[in-house]
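Visitor: I would like a close look at one part of this model. Please take me through the metal site, and then through the charged pairs.

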Amino acid sequence: MKIIKNAIRCKICGDEIESTYRHDYVTCSCGACAVDGGHNYLRRSLKSLDCFEDISVVIPSEEEKAPVPEDRK
Ligand SMILES: [Zn+2]
């Protein structure tokens, strides 16, 4: 899976927040949700699963099915 955009919209304050690099931890203005991980992984910090809408853009990849060599983990 390739992450093009790592972003969510908070339903409480309406903020759209985006994490643009790996250690970019962004919180919305009301503090109910946050994104992290940039284009490396999708990480969310949430007070409630109901408080956000995921607006991320990802591309599913066939390569993901390929086994990862043990020494690359
Ligand atoms: Zn908010």
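Guide: What follows covers the zinc site and then the salt bridges.

This is a predicted model, in which local features need pLDDT of at least 70 and side-chain atom pairs count only at pLDDT 80 or more, while totals for chains, interfaces and linings use all residues. Residues are numbered from 1 along each chain as its sequence is written, and side-chain values use heavy atoms, with hydrogens and water left out.

The zinc ion has as its protein donors the SG atoms of Cys10, Cys13, Cys28 and Cys30, lying 2.3 Å from it. Donors here are N, O and S atoms within 2.8 Å of the metal (3.2 Å for Na, K and Ca); water is not among the atoms, so sites may look incomplete. The angles among the 4 donor atoms run from 106 to 113 degrees, and the site is tetrahedral (four donors count as such if all angles lie between 85 and 135 degrees). Along the sequence, the donor residues follow the spacing C-x2-C-x14-C-x1-C. Cysteine 13 sits in the loop between β1 and β2 (16-19), and cysteine 28 in the loop between β3 (26-27) and β4 (33-36), so this pair ties together parts that are 15 residues apart in sequence. Strands are DSSP runs of E, at least two residues long, numbered from the N terminus. Cysteine 28 is buried, at 4% relative accessibility, whereas cysteine 13 is partly exposed at 29%. Buried means under 20% relative accessible area, exposed over 50%, and partly exposed in between, using a 1.4 Å probe and protein chains only.

Now the charged pairs. The structure holds 4 salt bridges, each being a side-chain nitrogen of Lys or Arg within 4 Å of a carboxyl oxygen of Asp or Glu. Arginine 9 takes part in a network of salt bridges with Glu16 and Glu53. Its N to O distance to glutamate 16 is 2.8 Å; for glutamate 53, the closest N and O atoms are 2.9 Å apart. The pair of glutamate 53, in strand β6 (residues 52-54), and arginine 9, in strand β1 (residues 2-10), links distant parts of the chain, 44 residues apart. Both residues are partly exposed, with relative accessible areas of 27% for arginine 9 and 36% for glutamate 53.

Another salt bridge joins the side chains of aspartate 54 and arginine 44, at 3.2 Å from N to O. Aspartate 54 lies in strand β6 and arginine 44 in strand β5 (residues 43-46), so parts that are 10 residues apart in sequence are tied together. Aspartate 54 is partly exposed, at 41% relative accessibility.

Technical notes: Helix = DSSP H or I, 4+ residues; strand = E, 2+ residues; numbered from the N terminus. Tetrahedral: all angles 85-135°; square planar, octahedral: opposite > 155°, others 65-115°.
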